[in-house]
Amino acid sequence: MNTIEAKVVVLGTQAVGKTSVVIRYVGGMFSKAVSPTIGASFFTYKLTVNNYRVKLQVWDTAGQERFRSMAPMYYRKANAAMLIYDMTSADTFYDIKEWVSELKRNVDNPIVMCLIGNKCDLSDNREVSVKEAQEYAESIGALFHETSALKNIGIEEAFLEVAQQLIKLYETSPNSGLHTIDMGENRSGAKEGNSSIKLPEEESSKPATQQDTKCAC
Amino acid sequence: MADSKEAEQVSTSESEQSDLIEPETCIHRENSMLLPAENFISIDYESFENYDCQPSGVIHEIVRSNSQDKSEETPDVVLSSSNDEFSAGEDKEERKQISAKELASALTEEDIEEDETRKPEWRAQKKHIFILSEAGKPIYSRHGSEDKLVTIMGVLQALVSFVHDSNKDNIRCIIAGDHKFVFYVRDPLILVCVSQGADSTQQLLLQLTYVYNQVLSVLTHKTLVSIFKQRRNYDLRRLLSGSEKFLDSLLSLIETDYSFLLGAVRCLPLDLQVRDMISQSIIQHARVKDLVFALILANNQLVTLVRMKKYYLHPVDLHLIINLVHASESFKAAESWTPICLPKFDSSGYLQAHISYLDESCQTCLLLLTVDRESFFTLSDCKNKIKERLLKYNGLNAIGDSLTKTSYSINQCGITDLRHFLYKSRSTAQYTSPEVEAPYLGTEEQERLFGLYQYLHHRIHTSARPLKILYHVGPHETLLGWITQGFELYAVFGPLVTKPSAIHSINKLLKWIKREEDRLFILNSVTF
Ligand SMILES: Nc1nc2c(ncn2[C@@H]2O[C@H](COP(=O)(O)OP(=O)(O)O)[C@@H](O)[C@H]2O)c(=O)[nH]1
Ligand SMILES: [Mg+2]
């Protein structure tokens, strides 16, 4: 079985529920007291889809203005972008359009986009209609899901569909930037240059073997 | 607080300074803004430098409110500017008469009813901190919403620019009854503290410099300056949004944590071998190009610090890092990658920090600070290896054990009548102190103890009359402060101790500290 490693960036205005969605998906829980992200948080998640092992490296970014200029660092090499807005706030939906045009301008490699209207448990206060969001998603070639991190609705599906798209991308587009990693390799981003680390001889063997055994995933 | 009821004696065993002691004056000469030169925490003097070349000894401005209406709380204000020298026979003719109320109303006619300052809770606060732009735009207030403090911010801005414009001078502090107003004008920001607490003017100024540095830590000096250069009227809250909690957290730490007062860091007590092993783990597994600092923090205490050979971590920067970790729950959820500016290291740019907790209970935090924005995965790798090694050699357990003990009991020092102490090693900018025990267990008592130390610290460091030894008999306890080349010691005894026995105890204590030194301090600096 092939393992695909894919970078996913989560974008959207502050407080739309980016962290909550990611933690719901990766950690299987919801915390009312989730605190605002500082900089960016990194999560990994592994799932098996269509005979592929997909390893998602998820960057949950902070929506705060002062981190805005850091965003390129995360989306530049991303294979997928989760564009999250809060369906009870039209403003956060309009902010997505800015993100999309920024992505269009700055990202060359093909990228799977998924528009997510979060907080659907509060749909009584909805400010963004399904139709409007769906049409917009189609217009930019994005997937679309409505979710609730609180009630655990739609999140699993959204990530699964993203993973499927990633596989499709991998199979059809040679310059997708996606790559398979060999199965013994469990260390995140090993490609990024652990060559620069000089391990003392006696130390180098042991941790590596431990890594190997752990990676029976 | 051991206040003006001076019942103290001053030992002269170290110096001839005893007869020089005089009652505190609330206005200090300009050099009293300076902490002793060897102190690690340096207030940013650059902005003060120009005053030093001006002749001193003239009261440039004394503004006295002639408001009669005390219920409006327009206080009698005495303005002191940087060139002031306190003189008892101020010349009445040199005073400018101005009503603070007039000033206020002249400045803002709008939305008085929205004014937070009318709320009793707000007025009752012991200490206020305000940040505003030079144009007078509210940026931050410790208490209340800064939106609703437009009026007072306007007044503060007017005071600053009034003194500046009429004298080319900077306002430093105002004493108005119980309230001290301390100003710290750092282009392009104005920071003001209004306090009715025990803190001295100098201590308040130091706190403002911390606040200023916290702002720099979020934005960098470069950004701050260029933003206001482009638009004088910029609303900085946009950029600071989400960072208020760092300011809040910093200010509450400042009020409870002695590190800030002392300008020193506290190390988690650990056996030398254990600490060495922890440092070695970092050296072995984080030897990565462009990694400048690697450190482990546990409960606001330093476990170890490894640095690039050429660079040092200034205590102020370390305090900002500690505050960042202290205030950010989000680091507990996942590995984080965030920019941070360390103003003493380089105020013009960001370091990139890889931040992660090493243990399940999220007590032991590893920070890897680099200049390479692309090195997250490399550092993430390092972190895994460091963690593995620490687990293997029980490093994390040792840290956990030390944490459960909080610190150590004063009983361990074996000195009767000594209730509590702070000992700062000056060359390393580290300090140690035992757990706070009875009779200082209640919050109120702890605050009082803090006030005692502030008082003692202030008395000793008043640069008008720096002391080496101060022996102070208060109503509830006896205080002893002692400064030498190598250390600063502040000790609190029961009220009945005699001077000889206090001195004896201190000597015993110093011996004890010497014996425990390896465990309480990080004595050798570790580099990559
Ligand atoms: N009702 C509801 N609240 C949510 C949901 N997701 C997140 N929140 C809340 O929205 C706020 C911001 O969430 P957070 O995950 O920090 O947003 P982020 O800034 O986009 O990462 C928090 O108070 C969450 O509890 C959801 O699905 N439903
Ligand atoms: Mg978040």
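**Entry 1: a loop in chain B**

I started with Cys362(B), which sits in the loop between β14 (351-357) and β15 (364-370) of chain B. Helices (H or I, at least four residues) and strands (E, at least two) are DSSP runs, numbered from the N terminus. The model is predicted, so local features need pLDDT of at least 70 and side-chain atom pairs count only at pLDDT 80 or more, while totals for chains, interfaces and linings use all residues. Residues are numbered from 1 along each chain as its sequence is written, chains are lettered from A and ligands numbered from 1 in the order in which they are written, and side-chain values use heavy atoms, with hydrogens and water left out.

I looked up phi of Cys362(B) and found a positive value near 55°, in a residue other than glycine. I noted that most residues other than glycine have a negative phi, and most peptide bonds are trans.

**Entry 2: two cis bonds**

Next I looked for cis peptide bonds. I found one joining Asp187(B) and Pro188(B), with omega about 5°. Pro188(B) belongs to the loop between β8 (179-186) and β9 (189-195) of chain B. I also found one joining Ala438(B) and Pro439(B), again with omega about 5°. Pro439(B) is in the loop between β17 (430-432) and α15 (443-461) of chain B.

**Entry 3: a helix pair in chain B**

How do α5 and α8 of chain B pack? I read an angle of about 150° between α5 (residues 201-219) and α8 (residues 244-256), with axes 10 Å apart. Axes are lines fitted to C-alpha atoms, for helices over the stretch in contact, and angles run from 0 to 180 degrees between N-to-C directions. The two helices are therefore roughly antiparallel (the word for angles over 145 degrees).

I listed the contact (heavy atoms within 4.5 Å): Gln207(B), Tyr210(B), Val211(B), Gln214(B) and Val215(B) of α5(B) meet Phe246(B), Leu247(B), Leu250(B), Leu251(B) and Ile254(B) of α8(B). I sorted these residues into 8 nonpolar, 2 polar and no charged. Here Ala, Val, Leu, Ile, Met, Phe, Trp, Tyr, Cys and Pro count as nonpolar, Asp, Glu, Lys and Arg as charged, and the others, Gly among them, as polar.

**Entry 4: ligand 1**

Last, I counted 18 residues around ligand 1 (a heavy atom within 4 Å). Ala15(A), Lys18(A), Ser20(A), Asp121(A) and Ala149(A) are the closest. I found a backbone N or O atom of Ala15(A) 2.7 Å from an oxygen atom of the ligand. For Ser20(A), a polar side-chain atom lies 2.6 Å from an oxygen atom of ligand 1.

Technical notes:
Parallel < 35°, antiparallel > 145°, perpendicular 65-115°, else oblique. Polar contact = N/O pair within 3.5 Å; in protein donor to acceptor, adjacent residues only side chain to side chain.
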